[in-house]
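Hi everyone, thanks for coming.

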Amino acid sequence: MFNNFLRTNKFAMWFLTVIRIYLGVAWMKAGWGKITGGFDAGGYLTGAIAKSTGENPTVQGWWGVFLENVALPGVDVFNILVPYGEFLVGIGLILGTFTTFAALMGLVMNAAFLFSGTVSTNAQMLLLEVLIIAAAANAGKIGLDYYVLPYLRGLFNKRKAVIKTETPAGKPQLKVNHSA
């Protein structure tokens, strides 16, 4: 029932637009600050790895292993992915373009930050992103998704008409008409 409300209600559409833009601005500002400020995730990753050991670890051991063996050796890739990912998620949410995908990518980043021991606004943002994802297309109706999604549906869901024809031997054959 609540999911139907999120997906179809006009009040929900407007409310989700406000949430979407709020999140978009937060993501865009965070990403732009990293792009223009010389971002380096190495110290952050090292700190998160340190939090995964000791008497009272605040980072799960399995996540610390991932950070130590994948993220830290690939820090140069993360130094590009994180700031540009944050910025693009922000742009997508503000403009309402590929809204569900942008919210999903924001959710993935917020979850990674939470797993790494950074609480800040990540939990709040994650919950708001869940609402946007659950609302699907309704969250982007007041945005470019209003135009983009029908266009993409038209490209990928062209109806194929099936026409019965007869072969020279008189046997029925199905022929797919791609122009319909």
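Before anything else, keep in mind that this is a predicted model. I'd like to begin with charges: the count here comes to 1 salt bridge. The partners are E86 and K34, whose side chains meet at 3.0 Å, N to O. Look at where they sit: E86 is in helix α5 and K34 is in helix α2, 52 residues apart, so the pair links distant parts of the chain.

Buried or exposed, how would you class E86? E86 has a relative accessible area of 2%, and because that is under 20%, E86 counts as buried. K34, in contrast, is partly exposed, at 24%.

The largest pocket has a volume of about 640 Å³. Its lining is made of 28 residues, and the closest to its centre are V82, M109, A112, F113 and, once again, E86. Helices α2, α3, α4, α5, α6 and α7 each give two or more residues to that lining. By type, the lining has 20 nonpolar residues, 6 polar and 2 charged.

Finally, the backbone. Most residues other than glycine have a negative phi. Here are two that go the other way. F98 has a positive phi of about 50°; find F98 in the loop between α5 and α6, partly exposed at 43%. S120 also has a positive phi, near 45°. Look for S120 in the loop between α6 and α7, where S120 counts as exposed at 61% relative accessibility.

Terms used. Residues are numbered from 1 along each chain as its sequence is written. This is a predicted model: local features need pLDDT of at least 70, side-chain atom pairs count only at pLDDT 80 or more; totals for chains, interfaces and linings use all residues. Side-chain values use heavy atoms; hydrogens and water are left out. On a 1 Å grid over the protein atoms alone, a cavity is a set of points where a 1.4 Å probe fits but cannot get out, and a pocket is an open set with protein on both sides within 12 Å along at least five of seven lines; lining residues have an atom within 4 Å of a point. Grid points are joined across faces, edges and corners, and a volume is the space filled by probe spheres set on the points. Helices (H or I, at least four residues) and strands (E, at least two) are DSSP runs, numbered from the N terminus. Ala, Val, Leu, Ile, Met, Phe, Trp, Tyr, Cys and Pro count as nonpolar, Asp, Glu, Lys and Arg as charged, and the others, Gly among them, as polar. A salt bridge is a side-chain nitrogen of Lys or Arg within 4 Å of a carboxyl oxygen of Asp or Glu. Buried means under 20% relative accessible area, exposed over 50%, partly exposed in between (1.4 Å probe, protein chains only).
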